[in-house]
Amino acid sequence: MSNRDDFSKVVIGAVGKRASYICSNPKCNNTTLCPSEKDETKFIYLGTVAHITAAASGGARYNASLSFDERKSMSNAIFLCSTCAVLIDKNNGIDFTVELLMKWKKGHEEWVTSNLNKKLNSPITIID
């Protein structure tokens, strides 16, 4: 049994969808999902749901005052590309505070909501 307070599949799915599978880091905003070129039933997925405060003692931004349920809740989750998910935990997270990550998450979800059902700025290019 793991001593990490990992997210449930429901939380992981909801966080990714709320972010439209786009990295919540405002300096990144990379898409994290695309179709496989070899199998129409497959896709390539580079996103991850990361903990804002660590899932276990010793992790970046760990907060011992949070309960088991709080550590694995939607409010402690942020959607990022795989690169940014690693980046935020470097140096034990000193460059990426809880407050900053909460700001990213809130701002990104507001951006997603304000752009719902709008055309993308970039045209889709068909490559032969």
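Okay, let's start in the middle of things: the largest nonpolar core here has twelve residues, namely C23, A50, I52, I78, L80, C81, C84, A85, I88, F96, L101 and W104. Where do they come from? β4 (77-81), α3 (82-87) and α4 (98-114) each put in at least two. β4 gives the largest share, three residues. There's also another core lying apart from that one, with seven residues, including F7, V11, V15 and A77.

Before I go on, keep in mind that this is a predicted model. The mean pLDDT for the protein chain is 91, and 92% of the residues reach 70 or more. Within the chain, β4 has the highest confidence, at 98, while α2 has the lowest, at a mean of 92.

Which residues does C23 contact, leaving aside neighbours within four places in sequence? That would be C28, N29, N30, T32, F79, L80, C81, C84 and H108.

Now for an arginine. R61 sits in the loop between β3 (47-51) and α2 (68-71). Is R61 buried or exposed? Its relative accessibility is 12%, and the cut-off for buried is under 20%, so R61 counts as buried.

And what's around R61? If we skip residues up to four places away in sequence, R61 touches H51, I52, T53, A54, I88, D89, N92, G93, F96, T97, V98 and L101. With I52 there's a polar detail too: a polar atom of the R61 side chain lies 2.6 Å from the backbone oxygen of I52.

Technical notes
Residues numbered from 1 in each chain as written. Predicted model: local features only at pLDDT ≥ 70, side-chain atom pairs only at ≥ 80, totals over all residues. Heavy atoms only, no water. Helix = DSSP H or I, 4+ residues; strand = E, 2+ residues; numbered from the N terminus. Buried < 20%, exposed > 50% of the residue type's maximum accessible area, 1.4 Å probe, protein only. Polar contact = N/O pair within 3.5 Å; in protein donor to acceptor, adjacent residues only side chain to side chain. Contact = heavy atoms within 4.5 Å. Core = buried A, V, L, I, M, F, W, Y, C linked by side-chain atoms within 4.5 Å. pLDDT = per-residue confidence, 0-100.
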